[in-house]
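Subject: Structure for your review

Dear colleague,

Please find below the structure that I am handing over to you. My findings follow it, and I would be grateful if you read them with the structure open.

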Amino acid sequence: MTRMVTSLSALILSIVLLVSGNAFLMTLLGIRLSIEEVSPNVIGWVLVCYSIGFVLGTLYVHKIIGRVGHIRAFAAFAAMAAVVSLMYPMAVSMIFWAVLRVLSGFTIAGVLVVIESWFSSRATNANRGALFAVYQIVFYLSAAGGQLIVNVGDPGSFLPFSLAAILLTLALIPLALTRMEAPAIEQVHRMSIFKLGRESFSGVAGALISGVMIGGFYALGPVYATLVGLDVARTSTFMASAIIAAMLLAWPLGRVCDRFDRRRVMFWVALIASASAVGVGVFGAASLALLTILVGLFTGLSATLYPIAVAITNDRMDSNRIVAASATLLLSYGIGSVIGPITMAELINIMGPSGLFYGNAGFLVLLAVITSYRISHTDDVPVEQQEHFVPAMPEASPVLSELDPRNTEFHESPEVEEMQEELRQAG
């Protein structure tokens, strides 16, 4: 396994540079818009355009990749993402920035499809679970690290935007120099959301509301922090700790999900996350330590809603439909990530900074009600028949679902067999 990860070091380095640069830019934009005294509802409409672009990207970038190849497509997408980051400070116009956010979301979806295709093509039935975990750990740590870079330079100047462009451009170099052969890429098929909802309404609802929570917080968390008086350094720590909490809570919640009925776990997670959100709304920034703990609990639990939704759905799916169902759940999450920033921004505009967390609490209570209704009106899947819980990550393309260890339809590529032979000979 160590040799396999080493062989993917160029790919992992590109992920670190790309994700940290993109996460840094997302937080930077929220801070910059707050400095410009743009109203929260307008900020929500601008920043939600990233989610729109990302969803469109996951639907259409495979056509571009299939036409020009992985490396050329990756170079084009990463270069465009870097160019977009340099264009923000040229004109602080909300329409202009909205267009740039759509382009940014589309291009980031493109590079993730390329990277995840490479990861999937190098996986075997023996190691794909470990590679799946490695990818997610690297992704979360890079996103958290990207928040801390916000401390570099004045958000009102060109410097931080230039730094984001540098990171996104540097992500090109490792893959441009790699000797790995580009994998074949196939479009991932989806089930209809309505069809999947009939089979697992709790799963679809959980994925959608998870998108509302995470999409709303990542877009407007920096705005909230600025409005309650946190400086740039504390805002970056505030955002980084929320991302780390999401990673750390995935494992213990997974253990719980393997021992109890998952819909009941979702019910309690939604209620506790809702209570945490209300706590943030009530106490605000009166105590930075309490704020960090409550926000960490809220974001950590909200982030686990998506993998719980995937687990609930997969328990009711045949193995040959898991990838299609996962792709549909990602689409549901994407729709939620569009709803979240718009709704929460309006609530901030009406209720003040606490509106972000009161609104989230309301959506979480709605999910608890839906889950409770489904528990009382449909049969449970016996715990002993549940699939093993896998902490799936929503900030990904549908390609990553092929690596899911629960996908028994996974087939190793010929390139993997050749690489394994080369590693054996090198050893």
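Ser85 is buried in this predicted model, because its relative accessible area is 0%, and buried means under 20%. The residue belongs to helix H4, which covers residues 70-87. Which residues does Ser85 touch, not counting those up to four places away in sequence? They are Leu25, Phe161, Ala164, Ala165 and Leu168. The side chain of Ser85 also takes part in polar contacts. It reaches the backbone oxygen of Ala82 at 2.6 Å, and one of its polar atoms lies 3.4 Å from the backbone nitrogen of Ala165.

Asp154 and Leu28 are 126 residues apart in sequence, yet their C-alpha atoms are 9.9 Å apart in space.

I turn next to a pair of helices. Helix H10 (residues 201-227) packs with helix H15 (residues 355-377) at an angle of about 170 degrees, and their axes are 10 Å apart. The two helices are therefore roughly antiparallel. On the H10 side, the residues that meet H15 include Phe201, Ile209, Phe217, Leu220 and Tyr224. On the H15 side, Phe357, Phe363, Leu367 and Arg374 are among those that meet H10. The residues of this contact divide into 14 nonpolar, 6 polar and 1 charged.

Leaving aside neighbours within four places in sequence, Ile115 is in contact with Leu11, Ile15, Leu18, Phe74, Tyr135 and Leu175. As general background, nonpolar side chains tend to be buried together in soluble globular proteins.

Finally, some totals describe the chain as a whole. The protein chain has 16 helices and 0 strands. Of its 427 residues, 57% count as buried. Among contacts with a separation of 6 or more, 86% are accounted for by residues 24 or more positions apart.

Yours sincerely

Conventions: Residues numbered from 1 in each chain as written. Predicted model: local features only at pLDDT ≥ 70, side-chain atom pairs only at ≥ 80, totals over all residues. Heavy atoms only, no water. Contact = heavy atoms within 4.5 Å. Axes fitted to C-alpha atoms, helices over the stretch in contact; angles between N-to-C directions. Helix = DSSP H or I, 4+ residues; strand = E, 2+ residues; numbered from the N terminus. Parallel < 35°, antiparallel > 145°, perpendicular 65-115°, else oblique. Nonpolar A, V, L, I, M, F, W, Y, C, P; charged D, E, K, R; others polar. Buried < 20%, exposed > 50% of the residue type's maximum accessible area, 1.4 Å probe, protein only. Polar contact = N/O pair within 3.5 Å; in protein donor to acceptor, adjacent residues only side chain to side chain.
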